[in-house]
Amino acid sequence: MIRIDDLHFTYPGGTQALDGVSLEVPEGSFLAVMGANGSGKSTLLKHINGLLLAQSGAVTVAGLEVGRKNFDEVNRAVGFVFQDPNDQIFAPTVRDDICYGPRNLGLPDEEVERRLTLVAAQVAIGDLLDRPIHHLSHGQKKRLSIAGVLAMEPRVLVLDEPTASLDPMGERRLMRLLLELNRQGMTIVMATHDVDLVPLYARQVCLLRGGRLAVAGGLREVFSDQELIERCHLRLPRISYLFEMIPDVEELPLTVGMARHKLEELLERGELG
């Protein structure tokens, strides 16, 4: 679905944000892009839908090269959700904001209404349609920003730090929504540095360090290299460190569910006091 080949990007002023990044994202993936602040996560994401254009290298989405020539088609294929929803929503009411994109495509009123009803139900804001956007909580604004993108019916959803500033319930609600969209076939690419959250939802991970790709692969493959994780200024999930106190545990669990399963195995084998 997404192919990135030897991507380089330097901001005005000389800050090199990406230095030869190459990455493939299969259709239907749930990819977490991780790294410390300044590692290039947001810059990489903005190249996927053409908010930034490659200075060297290439990006293709669904067979389309991301560039000025294909800008409209790429933007219909890739929905981008900013970290701060105030950078994205602007219409007077929730209803107007969701409908803006489909109306701008020139779709008939019946189709606009169908999409409005569908995405409002998906993100659980059907009771807020007539509310002014400045009367929304941060979590409600976040869900509205996603609804506006989903109304365009993209094949890929790209999110920059989607859980930033959300309370625990808002975080859980949002991540369950993304998981359900992924199960329905949508490709999800999410930038985050929340290492406790990633193993619960993502299936693939890539780590950026200083604008370079440090590693990309499955959860177990990436999180098995603790030294690399720490060199990228991240850490293992907290549950993993608990198991460092238990001798001879080769594969550290990444979630509470994995930890419970591992403890049951150790108990059955009589390896715990």
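**Figure 1. Secondary-structure elements lining the largest pocket.** Helices α2 (71-77), α3 (94-104) and α5 (138-150) and strand β6 (78-81) each supply at least two residues of the lining of the largest pocket. The greatest contribution, five residues, is made by α3. Helices (H or I, at least four residues) and strands (E, at least two) are DSSP runs, numbered from the N terminus. This is a predicted model, in which local features need pLDDT of at least 70 and side-chain atom pairs count only at pLDDT 80 or more, while totals for chains, interfaces and linings use all residues. Residues are numbered from 1 along each chain as its sequence is written, and side-chain values use heavy atoms, with hydrogens and water left out.

**Figure 2. Size and lining of the largest pocket.** The largest pocket holds about 650 Å³ of space. A pocket is an open set of points on a 1 Å grid over the protein atoms alone, where a 1.4 Å probe fits, with protein on both sides within 12 Å along at least five of seven lines; lining residues have an atom within 4 Å of a point. Of the 25 lining residues, Asn75, Gln88, Gly148, Val149 and Met152 lie nearest the centre. The lining comprises 13 nonpolar, eight polar and four charged residues. Here Ala, Val, Leu, Ile, Met, Phe, Trp, Tyr, Cys and Pro count as nonpolar, Asp, Glu, Lys and Arg as charged, and the others, Gly among them, as polar.

Figure 3. In strand β3 (residues 30-34), five of five residues are buried, that is, under 20% relative accessible area (1.4 Å probe, protein chains only). In a regular strand, side chains alternate between the two faces of the sheet. Phe30, Ala32 and Met34 are buried on one side of β3, and Leu31 and Val33 on the other. Strand β3 pairs in the parallel sense with β8 (residues 187-191) over four bridges, and with β9 (residues 204-209) in the parallel sense over four bridges; pairing requires at least two DSSP bridges between two strands. Ala32 has Met190 as its bridge partner in β8 and stands opposite Val205 in β9.

**Figure 4. The largest nonpolar core.** Among the 59 residues of this core, Met34, Ile98, Ile125, Leu157, Leu207 and Phe223 touch the most other members. Helix α6 (residues 168-183) provides the largest share of this core, six residues. A nonpolar core is a set of buried Ala, Val, Leu, Ile, Met, Phe, Trp, Tyr and Cys residues joined through side-chain atoms within 4.5 Å.

Notes
Points joined across faces, edges and corners; volume = space filled by probe spheres on them. Buried < 20%, exposed > 50% of the residue type's maximum accessible area, 1.4 Å probe, protein only.
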